[in-house]
Amino acid sequence: MNKRGAGVMFCFMAVMLIGIHYLITAIYLSGVQTWSKELFVAGLEYTGGLLDILSVIMLVVGVAYLFLGEKENKN
């Protein structure tokens, strides 16, 4: 796999981790009788920030791989 392919995969994994964080929060709050923005934000904070941190790291690595792949392709 070349650097561009690896970069795209890292970016895709970052998007998946963000989506999983929201899905976990929705599942956690599935028994709630009423929904509000404040409640969902509190649920996001309760489920933790590990997935957000990992997704940012993967996004940065993915963009770096894409940049290096394009730079390598120009030479």
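## The loop between α1 and α2

S30 is placed in the loop that lies between α1 and α2. In this predicted model, S30 has a relative accessibility of 57% and therefore counts as exposed, since the cut-off for that class is over 50%. S30 can also be compared in position with N2: the two residues are 28 places apart in sequence, and their C-alpha atoms are 42 Å apart in space.

## Confidence of the model

The protein chain has a mean pLDDT of 91, and 99% of its residues reach 70 or more. Confidence is highest in helix α1, which covers residues 3-28 and has a mean of 94. The lowest confidence belongs to helix α2, residues 37-46, where the mean is 91.

## Packing of α1 and α2

On the side of α1, the contact is made by H21, Y22, T25, A26 and Y28. On the side of α2, the residues are F40, G43, L44 and Y46. Sorted by class, the contact of α1 with α2 contains six nonpolar and three polar residues, with no charged residues.

T25 lies in helix α1. Is T25 buried or exposed? Its relative accessibility is 0%, so T25 counts as buried. When neighbours within four places in sequence are left aside, T25 is in contact with F40, G43, L44 and T47.

E45 is located in helix α2. With a relative accessibility of 64%, E45 counts as exposed because this value is over 50%. E45 and L29 are separated by 16 residues in sequence, and the distance between their C-alpha atoms is 12 Å.

## Packing of α1 and α3

Helix α3 covers residues 50-74. It packs with α1 at an angle of about 160 degrees, and the axes of the two helices are 7 Å apart. Angles over 145 degrees count as roughly antiparallel, and therefore α1 is roughly antiparallel to α3. The crossing of α1 and α3 is left-handed.

Which classes of residue form the contact of α1 with α3? The contact has 19 nonpolar residues, together with six polar and five charged ones.

## A residue of α3: N73

N73 is found in helix α3. At 48% relative accessibility, N73 counts as partly exposed, because the value falls between the cut-offs of 20% and 50%.

How far apart are N73 and R4 in sequence and in space? They are 69 residues apart along the sequence, while their C-alpha atoms are 9.6 Å apart in space.

Conventions:
Residues numbered from 1 in each chain as written. Predicted model: local features only at pLDDT ≥ 70, side-chain atom pairs only at ≥ 80, totals over all residues. Heavy atoms only, no water. pLDDT = per-residue confidence, 0-100. Helix = DSSP H or I, 4+ residues; strand = E, 2+ residues; numbered from the N terminus. Axes fitted to C-alpha atoms, helices over the stretch in contact; angles between N-to-C directions. Parallel < 35°, antiparallel > 145°, perpendicular 65-115°, else oblique. Left-handed = near helix turned anticlockwise from the far one by under 90°. Nonpolar A, V, L, I, M, F, W, Y, C, P; charged D, E, K, R; others polar. Buried < 20%, exposed > 50% of the residue type's maximum accessible area, 1.4 Å probe, protein only. Contact = heavy atoms within 4.5 Å.
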